[in-house]
Amino acid sequence: MKNLMTTRPVSNGRTPCTREVNALSRSGISVGPVPYRSSLRVGVDSMWYNPSDPEDLKKLNRRDAGATEEVGMMLEPLGVGYGRRTGILAVVFSRTRRPCWVSNMARKTVLIVLCVFVLYSAAMIPSAAADVGTGPDAFSERTEERKEMVRSQFRGIGRTTITDKAVLDSMLRVPRHSFVPAKYRAFAYRDSPMPIGYGQTISQPYIVALMTQALELKPGMKVLEIGTGSGYQAAVLAEITDRVYTIEIIKGLYVSASERLSHLGYSSVHTKLGDGYHGWKEHAPFDRIIVTAAALHVPPPLFEQLKPGGKMVIPVGGQFETQRLLLVKRDDEGRRTSETLTLVRFVPLLRDAPGD
Ligand code: SAH
């Protein structure tokens, strides 16, 4: 048998298949560097070949017809073969198994992913355990945090105290954590807005309460919301009246909020995809309208769709300025009055869905 010992070391940064490589070395064949999966090289007769390279393969096959098939399949080297025609040793590869270093790497990757996941989960404690519900069970979760939210956030310097019992009861009941993305769920009851994707936000609990209180919503009233977002405000409204209509302009949010509301049992909430600037003519007039994105002016179609004696709460102002949260009323003669409730910062009322 011809000696195929090469002078090159088994210089493989990733040390693949130690056992096989040793066996190969003992038999006079070295395995070359393995910079990527399909480039395991084989040294035959001091020449280096990449069995997955058709050109190299041809050369290798010419040198050792006996090993043609196996070499052609190129995967984990199983040992050495003997080419009868040429009398040269060559590496025999498995047809199905990957090179060892790939599986080593896969194992390492899985380990790293697991570690990251464990660390991430640990970071999400304290509330991660009680934090899984987006179905009806969610109502019994994190009730203490909701009590604390209502107790501590709905009054204070510069804030209008929230006293409307219907609003307080609603916000105690609606599982806000079901409306924020999983990665922020631990922080769902913080005194702040939170991202919900697509550059949009779920409003701060206090602002939701303030706007709902200003509506003076009563059971049986028909209310239209512009800007469904996560669906949280719609759920807060739905705890008070069963005639809630809500419009969202971003399809992804419309779909997820609709599903979320229905999973939570808010089946009476009517959702629609579209530009809320025009209101929802088919269901007009409305007793109440709430706009949860900042408009440059009060959209005339919305005012038109307000019943005489109806009320609208809407933030008005540019995207980069402080906006005024207005309470707009329509009297029995159709005249409009408005008052500023407070200064706010809302995401803008869009006129086109992003990407349109
Ligand atoms: N009320 C939501 C938060 C509102 S964020 C909640 O409780 O989570 C403002 C929302 O208004 C965003 O989802 C945004 O996509 C939507 N929006 C912006 N312009 C709109 C328009 N013209 N018509 C309908 N929805 C609009």
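Leu 224 has its bridge partner in strand E10, and that partner is Ile 289. E10 covers residues 286–291. Helices (H or I, at least four residues) and strands (E, at least two) are DSSP runs, numbered from the N terminus. This is a predicted model: local features need pLDDT of at least 70, side-chain atom pairs count only at pLDDT 80 or more, and totals for chains, interfaces and linings use all residues. Residues are numbered from 1 along each chain as its sequence is written.

Now the neighbours of E10. Strand E7, residues 222–226, pairs with E10 in the parallel sense over four bridges. Two strands pair if DSSP finds at least two bridges between them. E10 also pairs with strand E11, residues 306–316, in the parallel sense over four bridges. There, Ile 290 stands opposite Val 313 in E11.

Is E10 covered or open? Mostly covered: six of its six residues are buried. Buried means 20 or more other C-beta atoms within 10 Å of the residue's own; exposed means 12 or fewer, partly exposed lies in between, and C-beta atoms are placed from the backbone.

Next, helix H7, residues 205–215. Ten of its eleven residues are buried, so H7 is largely enclosed by the rest of the structure. Among the buried ones are Pro 205, Tyr 206 and Leu 215. Glu 216 follows H7, and its phi is positive, near 50 degrees.

Last, the ligand. How many residues surround the ligand? The count is 24, and the closest are Gly 227, Gly 229, Ser 230, Gln 233 and Gly 276. A residue is near a molecule or strand if its C-beta atom, placed from the backbone, lies within 6 Å of it. Strand E6 gives the most to this shell, with three residues.
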